[in-house]
Every structure is written in structure tokens, then in C-alpha cells.
Amino acid sequence: MTAKPESVWFINSHVTLSRPSAASADGMSVSDHRLPFGDSPPLHVHHREDEIFHVVEGVVRFRVGETETVAGPGESLVAPKGVPHTFRVESPDGARMLVMTPCGDFEGLARDVGRPAEHPGLPEPAEPTPAMIAALAEAAERRRITLLGPPMAA
């Protein structure tokens, strides 16, 4: 089954849900992320799904557990379920990554918190408010993802 890609602005990034988990019996979800310089999600843990990152463009610094790794174009890494992780876009022109998850929990979170992308670029950057952070944490918990701490510092 092929599904039409859906694009959302998720916080300050542009996420295209290229292959939704409902597209086949295996439940694999693939999303294409365009991220601005400095973008970093809060430190978090997925309770049900591994998260595979493949850097297409740019440089991204990852923290998975206690290990920090810098990855560039063509490099991939896995954040196993149950292991806290985050990342930070280090390249001045931003980054692009493919993110694969086997259960659709992240995909659901992007839909829950995101808003339809109005154009192919990034949304106007905005500092998350306490209300936005609380809504993200609540939506993440519903999707079996727990926010543990702040985004990765420079």
C-alpha cells in the first residue's frame, strides 16, 4: 500500500511522513526531517520503539545514553528503545535526516503536536512556551515517549 506523504511543521522543523506506519503490516514509519541550525529536541526516551537516524545533509551531534557522536551525510545511528537520547543540528545551513521507527509512536506525536506545513520550507522559528512544552510532554506520554530533560546545549 502506498500513501501520499503528509507534511507537518513539528516545533521548528519540517517533517514529511513519507511512509506512515499504517502503510503496511510491518508498521515501519519513515519520516524526512528538515531541521534548522541549533535544533534539538528535549532529552527523551521511547518506551516501545527503536529510532534509526540517517543523516542526508548537514552535521548532527547525537547523545544516546552516555555516548556523544557526530554524524554527517551518509551516516546512520540507532537510539534503542529504553535509552535516553537527543541530538543537535550543528551545521549552519541546517540538516536533513530520515528517521525510521517500527511502531509509529513518533509519527503519531508529529501528527498530534504538529500543524500542516504551509510551504516546503521551515516554519518561522519560535521559542517554545511553557504551555507548548507541557502539551508536547502530555502528547509524548500518550505515544509512549517520556521527556526527561532539556534540549542539548551548544
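Arginine 111 and glutamate 107 both belong to helix 1, where four residues, about one turn of the helix, separate them; helices here are DSSP runs of H or I with at least four residues, strands are runs of E with at least two, and both are numbered from the N terminus. This is a predicted model, in which local features need pLDDT of at least 70 and side-chain atom pairs count only at pLDDT 80 or more, while totals for chains, interfaces and linings use all residues. Residues are numbered from 1 along each chain as its sequence is written, and side-chain values use heavy atoms, with hydrogens and water left out.

Arginine 111 and glutamate 107 form a salt bridge whose closest N and O atoms are 2.4 Å apart, the term meaning a side-chain nitrogen of Lys or Arg within 4 Å of a carboxyl oxygen of Asp or Glu. Side chains of opposite charge can pair when their charged atoms come close. Glutamate 107 is buried, at a relative accessible area of 5%, whereas arginine 111 is partly exposed, at 33%; buried means under 20% relative accessible area, exposed over 50%, and partly exposed in between, computed with a 1.4 Å probe on protein chains only.

Arginine 111 also forms a salt bridge with glutamate 6, and here the closest N and O atoms are 2.8 Å apart. Because glutamate 6 lies in strand 1 (residues 6-10) and arginine 111 in helix 1 (residues 105-113), this pair ties together parts that are 105 residues apart in sequence. Glutamate 6 is itself partly exposed, with a relative accessible area of 31%.

Aspartate 112 is partly exposed at 35% relative accessible area, and arginine 143 counts as partly exposed at 27%.

Over the whole structure, a search finds twelve salt bridges. Elsewhere, Arg61, Arg63, Glu68, Arg88 and Glu90 are linked in a salt-bridge network.

Turning to the strands, strand 3 (residues 29-35) is mostly covered, with six of its seven residues buried. Strand 3 pairs with strand 2 (residues 13-19) in the antiparallel sense over five bridges, pairing requiring at least two DSSP bridges between two strands; within this pairing, valine 15 stands opposite histidine 33. Strand 3 also runs antiparallel to strand 10 (residues 95-101), to which seven bridges join it, and there methionine 100 is the bridge partner of valine 30.
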